[in-house]
Each structure stands twice: as structure tokens, then as C-alpha cells.
Amino acid sequence: MKAERRIVLCFAFAGDRLGGSHISLKGLLDELPKNLYRIVLLLEIPDGRIADYFSAYEQIQDPCALEKPFEVGRSFGIGSALRTVPRAIGRAKLLKDLQVDIVHTNDGRTHASWALAAKLSGARMVWHHRGDPGARGTGMVAPILADQILSVSDYALPARRWGKLKNAKVIHSPFDVDIAVDRDEMRRALVAELGCPENAIICSYFGQYIVRKRPVAFIDAVDELRKISGRPVAGVMFGEPEDAAVYAQMKDRLTREGRPPPVTLMGYREPGHKWIAACDVLLVTALNEPLGRTLVEAMLVGTPVIATRSGGNAEALAPDCGILVEPDNPIAMAEAAHKLVEKPARVQALTHRARQMAERRFTKDRHVEQVKGVYSNLIRKQRRIADRLRFEPGPRGSRPPRQSGPTEISGKH
């Protein structure tokens, strides 16, 4: 009797930009039992940041990468999916050669690149949606090509549910809810680096400098807080420029004559939660954010959150785990920050409540068990189909007896 082989999971990546989806995915991969799953990463760029970040896992270069990859942030639909058709056959062959059972994609460009190939190969397709509800791929392509659609929040799912969207599941991203940070030590280190007074209000921004995250609105909010606060105010921005036009606007705000710049650009730093803990308040200016990682990390390390009433922010901060303000209103955000930081008892109650809620809703164990449940369900369906094809009725309607127990799958691993 042959031993049942491990389930082969394939995680494909388009481009080489690291983001929150990669952090969430690594949290999943690190917890999946390696005796049950063989994890294979297919990379468009074999020696880049993503390859380094997932260096502990088996990696194979995508042999059919597009000469002109899909652009970051650019929506796609049927037309973009059709671009992948000439490559899909080669990718499908690779998936078959690897005996892949499940293809799990995590961002728009990867969905577009691998969904059709997964379908042609006979593998099950998990479409993990981490974007906004207006994403054309999730609304138009996923219902046809995906076997299971996952979403990081209720907000992120399209309003019109058809095809596989009818059975979409919301699985919140995984976090290490046991993280412990010495806030005082981190704050001292940040104050020393900035050279700001000890009593300064340190406001923070975490994320790429792109339109959706509204980095210019953060700069303006810090500027407004300086006008109304009786204490020094320091703004810090942790991230990297991804949009040249947005970065130019930021530089313009930061180089106005006659006053010191309202914020300091800190670059990209890991682990991010330690630097969030160093700050007095996290200002989330983003619009249509499905479910921001930094927002949850702030809840876990005791940094109060003021966020726009947009996207999944309200969902993550419910109930009463942060403060919500109107979008694109730096004055409202500054006023909310001013009122909050001057009331230590309110900050303590708010952050205590937020930590308790985050510990219940965003655990790694909960995330991993939910995703494993999805994988198991897809494999069971796949095996039932294989059984039906194997034991089709004979000429007189007879059917060979079904084997007891799960169907065995043999393979090279």
C-alpha cells in the first residue's frame, strides 16, 4: 500500500514588491505542517526581495513570465486575463509536472497571471482577495476561474455576488498576538534619532507612498496638529515611494520655505510593530483599505489608532477600538489626535480594549485552521471527482465497489 503523498501547494508571485500580503502569507506558511504539505513558490523574479523573504521555502522560477509584467495598482479584467493565455499552457504544464493540488494566489497581478493556468492544469484555485471591492478581476474573473475565493474583510468583497463569489469566505490575516514590545525603550530610541523633545507628540504613518494611502494627507494632518497643540509635534513616515507623482507632492510639502518640515521620512523598517510601539498615535489616512496590517499591529502593541471612516478600518476597529474621522480631512484627524493624546486615561482604556479585541480576532492559529479547512475541503472535492471518473458505470449500469477511506495519491514526493 503506497503512502499518501503530501498535498502540493503552489504560491505564485508576480513582480518583486514586498507588502502586507507577503507578511500575512509567511505567517501562514510558517505554521503549515510540513509533513502534510509540500510548499512550492513560483517566482517571476528569482533573486529579488520576495525570494529572499521566503528563502526557507522551495522556489522555482516562472518559465513563462510576461515580458511586460502587470503594473502595480493597475486594475485588470477579462482583457488582462487574456494576456496570460499564451503563457497559461506552459504554466499549466509546470503545475502538472509538479503535481500541484492547489494554487493559492494573493494579489491582483498574480491572480491574472496564474488563474487560467491553474484551471487548465486541473489544480484547485484559491483566489485570496486583499484589494478593494471594485477590483475587476475579483468581480469578473474570479467567479469563473477560482474554486474558492477568500477575502481579508467583508468590505473587500464585491457587492454583486455571483459564481464562486456566492461562497466566498472572509478570513482575517494572521498576526502574532503574543508580541511584546518595550514601548518606553523604543520611544527613547526614536526620540534620540529624531532629536525631538521628550514631550513631543509622535505621530506615525506606515505604508507605501501611493495615492490610496494618502501620504500627503498625513503630512497635512501633522501640520494641522502643530498649529493647535501646546506640545511639540513630530511626524514620522515609515515606507517607500511607489508613485513618482505622489512622492513629488510629498517633497513639495516637506520643503516649503519658512518652517521646519512637519515629518521625517524613515524609510522601510522591519519589524514594523516595534516602530509603531515607539509612537504616540498611528494616523491611518488611507482610503478603501481592505484591512491594514499596521492598524492591527498598533492595536496589539498599545498604540492608539485614528483612521479614516473608509474601507475595512471600521470593521477592524469595531467595537470602539479606535477613532474614526471623515476621509481626506486632515483638520478632523488633527483635532481627534489632539483631544485623544491629552487624555491619558482615555488612551489607556482605548488601547486595552483594542488589544483584547485583536487577540481574539487576529490570531495565527485561527487563520491557519481556517485556511487548512479550505484546503481540506478542496482536496475532498477533488478526490470525489477523481472517484467518479475512475468508477464510471459499466455497460449495464454496474459500478465497481468503492474503496473505503480516502483515495490515495501517489507522487514523487
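Start with Pro271, which sits in the loop between strand E10 (263–265) and helix H10 (272–277). Keep in mind that this is a predicted model. Select Glu270 along with Pro271 and look at the bond joining them: the peptide is cis, with omega about -5°. There's another one to visit. Jump to Pro319, in the loop between helix H12 (313–317) and strand E13 (323–325). The peptide bond running from Ala318 to Pro319 is cis too, with omega near -10°. For context, most peptide bonds are trans, and most residues other than glycine have a negative phi.

That second point sets up the next stop. Pick Gln99, in the loop between helix H4 (85–97) and strand E4 (102–105). Its phi is near 55°, a positive value in a residue that isn't glycine. Gln99 counts as partly exposed because its relative accessible area is 28%.

Now move on to Asp328, in the loop between E13 and helix H13 (330–341). Asp328 isn't a glycine either, yet its phi is positive, about 50°. With a relative accessible area of 44%, Asp328 is partly exposed.

How much space lies in the largest cavity? About 40 Å³. Colour the lining by class and you'll get 3 nonpolar, 3 polar and 2 charged residues. Over the whole structure, the search finds 3 cavities of 30 Å³ or more.

Next, centre on His128 in strand E5 (residues 124–129). Buried or exposed? His128 is buried, because its relative accessibility is 1%, under the 20% cut-off. Show side chains and you'll find a polar contact between those of His128 and His104, at 3.0 Å. Leaving out residues up to four places away in sequence, His128 touches His104, Thr105, Asn106, Asp107, His111, Leu150, Val152, Ile171 and His367.

Last stop: the cysteines. How many disulfides are there? The count comes to 0. Take Cys196: the nearest cysteine sulfur belongs to Cys279 and is 9.9 Å away, so with a cut-off of 2.5 Å, Cys196 is in no disulfide. Cys196 counts as buried, given its 15% relative accessibility. Finish on Cys10, which is also buried, at 0% relative accessibility.

Conventions:
Residues numbered from 1 in each chain as written. Predicted model: local features only at pLDDT ≥ 70, side-chain atom pairs only at ≥ 80, totals over all residues. Heavy atoms only, no water. 1 Å grid on protein atoms, 1.4 Å probe; cavity = no way out; pocket = protein on both sides within 12 Å on 5 of 7 lines; lining within 4 Å. Points joined across faces, edges and corners; volume = space filled by probe spheres on them. Nonpolar A, V, L, I, M, F, W, Y, C, P; charged D, E, K, R; others polar. Helix = DSSP H or I, 4+ residues; strand = E, 2+ residues; numbered from the N terminus. Buried < 20%, exposed > 50% of the residue type's maximum accessible area, 1.4 Å probe, protein only. Polar contact = N/O pair within 3.5 Å; in protein donor to acceptor, adjacent residues only side chain to side chain. Contact = heavy atoms within 4.5 Å.
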